[in-house]
Amino acid sequence: MSDLRLGAVEARFADIVWTNEPLATALLVKLCEKELQWKRTTTYTVLKRLCERGIFRLDNGMVTALICRDEFYAKKSAEFVNDSFQGSLPAFFAAFTSGKKLSQKEIDELQEMINDLRGKS
Amino acid sequence: MTDVVFYIFSVLLNMSITAGWIILVLLALRLIFRRAPKRLLCDLWGLAALRLLIPVSFQSKFSFVPSTQTVAINGILEPYSINLGFDSINDAVDAILENTDEFSYDIYYWIDRLSFTWLIGMCVLLLLALVSYIQIRRSVRESVPVRDRIYLCDGLSSPFVFGLFRPKIYIPAGTGDNELKYVEAHEKAHIRRLDHIRKLFAYLLLCVYWFHPLVWIAYILFCRDVEGACDEYVINKYDDAQRADYSEALLRFSSPSKNIRACPVAFGEIGVKARIRKILYYKKPARTLIAVVLASAALLGFVFLSDPVNAKSVLGTLNAKYVLLNMDSGTINAELTFHGISGRGKLVVFAHDGAKTIYGKMITDTNAISNIFTASKTGETYVFPSIFDSYRFSASMSTGELFGVLFDGCEFFSVQGELYADIDGRPGKERLLMTMNNQRQRFLSVFLNDGTISKFLYEFHP
C-alpha cells in the first residue's frame with residue numbers, strides 16, 4: 001500500500017517523472033536541473049523518498065512509476081473524501097457545490113459518470 | 001590560554017556594562033518616541049551596537065558613561081614591571097613584586113571562572129546558529145522557482161528570506177497571488193534595506209554578549225523594529241485598501257512566536273498584532289518628530305559614545321612613585337592611612353638591600369604596629385582597609401637600602417591612601433598620595449636614599 005503524500009514541490013518533481021517515465025536517472029537529474037534548478041543530490045534525495053513511499057521505483061539506474069499520475073490523484077481524492085466526508089460522495093458533492101448551482105453541462109457530465117458506474121457494477 | 005580568555009572576557013564585561021547604559025536610555029526613548037519612524041529606531045540600536053563593538057572611544061567632558069572600567073583589569077598579560085628610573089632598582093623591586101603578586105582576589109577569581117563559562121556559552125550559541133543554518137539550507141534545496149528570486153518550498157508555515165549574498169525569498173505552498181504580491185514587497189524591502197545582514201550582525205553580537213540580559217532585550221526589540229521599519233517602507237505608498245490586504249497577508253502567515261532564531265525571520269512571526277495595528281493606523285510622521293528623534297540620536301551618540309575624561313584605558317595600570325630620602329641611615333616610620341571605603345587590598349612592605357630582600361611582609365593585622373624583620377611570603381589573609389584605617393610600621397633602614405610599600409587594591413569604591421614617612425622622628429615627612437577610584441590600582445611607594453642609588457647603580461649593576 002503506497003503512501004499518498006505529495007507536497008507541492010514533490011508534486012512538481014513527480015510530474016517530471018510521470019511525463020517522462022521510464023527514464024534513466026541521469027536524464028532525470030538533467031531535467032530537474034533545467035526545470036527546477038536542482039542539484040544532483042537533491043534529485044536523488046527526493047527520488048529516494050518517493051520510492052520509499054511506493055510511488056516510483058528505481059531499478060538499475062532506470063526510474064519507473066509504480067502508480068501512474070491519474071491513478072495516484074484518483075486514489076488521493078478517494079482518500080480525501082473518505083477522511084473528510086466519511087466516504088460519502090454525495091456529501092462531498094454537496095459541500096463542494098454548496099452555494100453554487102450546477103450548470104446543465106456539469107449535471108450532464110455527472111449523469112454520464114453515474115451511468116458509467118452503473119454500467120460497470 | 002585561560003589568561004587570554006579571562007582578559008577578553010573582562011574587557012567584554014566592561015564594554016557590556018557601558019553599553020548597558022545606552023540600552024537603558026534607548027528603551028526609555030523608544031517609549032517616548034512611540035510614533036517615530038522605526039527606521040530611526042533601528043539606527044539608534046546601531047549606536048548601542050557600536051558601543052558593544054569598540055573598546056575605546058573619544059573622550060569628552062559630556063560623557064554620561066559612569067565608568068568604562070567598572071571591573072578593573074590588571075594587565076596580566078604583561079610582565080609585571082615598574083620603572084623607577086634606575087635599572088637595578090627596578091629589577092630589584094620587580095623581583096620582590098613577582099613574589100608578592102598573587103592573582104586571587106575573590107572577584108577576579110570569579111571572573112576567571114565565569115570567563116570560561118562565557119566562552120562555552122558563546123560557542124554554544126554560535127553552534128546553534130550554524131546548525132540551524134545548515135538545516136535550513138538543506139531544506140530549501142528542495143524548492144521550485146516561481147519567478148524572480150521567489151521559490152516555492154514545502155513544509156514552510158510562513159515566507160522568509162534566506163541567503164546572505166544572493167538572498168532568495170521562499171514561500172509556502174498555497175500562497176495566493178494577491179498575498180504573494182505583498183509578501184514579495186515586504187521581503188524585497190528587507191533585502192534592499194540589508195536587514196538580513198543587520199540581523200546576522202546583531203545575532204553575532206548577541207552570541208558574544210549573551211551574558212548580559214539587556215543585550216537580549218535589545219536584540220528582541222531590534223528585531224521587532226526591523227520588521228516595523230520594513231512595514232513602514234512598504235506601506236508608505238499604499239492606500240487604505242492595500243493596507244488592509246497587506247495586514248490580511250500578515251495575519252494569514254502569523255504563527256505563534258517561536259524561539260529566537262538566528263537566521264531568517266519569517267514573514268508573520270514577530271509582533272504581528274502590534275504591527276497590524278501600526279499598519280492600519282499609519283500616518284506619515286511629522287517632520288518635527290523626525291527632527292526631534294534625529295537630534296536625540298545625535299545627542300545620545302555624543303553623550304554615550306564618548307568615554308569619560310581620564311578614563312583609564314581598558315588595560316590595567318600600575319603606579320609607582322619613589323621618594324628620595326635625605327638621610328644616611330635611621331629608622332623609618334611609616335604610616336599608611338586610608339580615607340574612604342574600599343573593598344579589599346593587599347599591603348606589602350619590603351626592604352631590599354640591593355642583593356636580597358631583607359624582609360617582605362604582608363600586613364594582616366589592621367592594628368599592627370609592626371617591626372618587620374623576617375622575610376615572609378604571601379599566603380596570608382587580606383587586609384580590609386576601611387575608613388580611617390591606618391597602618392603603622394617602622395623599619396630601620398641603612399644607607400643603600402630601599403624600603404617600599406606596595407598597596408594592591410581593588411574594588412569599586414574610592415580610596416585614598418597616604419603614606420607618611422619620617423626618619424628618626426625628624427619632621428621630614430614625605431608624603432605619597434595614592435588614589436583609587438573604581439579601579440584596581442597598585443601603588444608602589446619606594447623610599448630610598450643617596451646611598452641606595454649609588455649602591456644599586458655602581459655596586460650591583462646587573
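This is a predicted model: local features need pLDDT of at least 70, side-chain atom pairs count only at pLDDT 80 or more; totals for chains, interfaces and linings use all residues.
E2(A) is joined by four bridges to E3(A), residues 62–65, and the two run antiparallel. Within E3(A), A:Val63 is the residue that stands opposite A:Leu58.

Stepping back to the whole of chain A, the count is six helices and three strands. Walking along the sequence gives the pattern α-β-α-α-β-β-α-α-α. Of the 121 residues in chain A, 27% are buried. Taking the contacts in chain A between residues at least 6 apart in sequence, 52% link residues at least 24 apart.

Four of the five residues of E5(B) are buried, so the strand is largely enclosed by the rest of the structure. E5(B) pairs with E3 of chain B (residues 150–153) through four bridges, and these two strands run parallel. One of the residues involved is B:Cys153, whose bridge partner in E5(B) is B:Pro172. E5(B) also pairs with E4 of chain B (residues 160–162), this time through three bridges and in an antiparallel fashion. Here B:Val161 sits opposite B:Ile169 of E5(B). E4(B) and E5(B) make a hairpin with five residues between them, and B:Gly163 in the turn shows a positive phi of about 115°.

Then there is the nonpolar packing. The largest nonpolar core has 46 residues, and the members that touch the most others are B:Ile22, B:Ile23, B:Leu26, B:Leu44, B:Trp45, B:Tyr203 and B:Tyr209. Several helices of chain B each put at least two residues into this core: H1 (2–32), H2 (38–53), H4 (106–141), H6 (195–208), H7 (213–235) and H10 (287–305). H1(B) gives the largest share, with 13 residues. For a closer look at one member, B:Trp45 touches B:Ile23, B:Leu26, B:Leu27, B:Arg30, B:Ala218, B:Leu221, B:Phe222 and B:Asp225, leaving aside residues up to four places away in sequence. Another core, of 33 residues, lies apart from this one and draws on both chains, its members including A:Leu6, A:Trp18, A:Trp38 and B:Ile150.

Finally, the two chains meet. Ten residues of chain B are in contact with 14 residues of chain A. Together the chains bury about 960 Å² between them, 54% of it on carbon and sulfur atoms. On the chain B side, B:Arg141, B:Glu142 and B:Val144 lose the most area to chain A, and these residues together make up 56% of what that side buries.

Technical notes: Residues are numbered from 1 along each chain as its sequence is written. Chains are lettered from A and ligands numbered from 1 in the order in which they are written. Side-chain values use heavy atoms; hydrogens and water are left out. Two strands pair if DSSP finds at least two bridges between them. Buried means under 20% relative accessible area, exposed over 50%, partly exposed in between (1.4 Å probe, protein chains only). Contact means heavy atoms within 4.5 Å. A nonpolar core is a set of buried Ala, Val, Leu, Ile, Met, Phe, Trp, Tyr and Cys residues joined through side-chain atoms within 4.5 Å. Buried area is the accessible area (1.4 Å probe) that two parts lose on being put together, summed over both.
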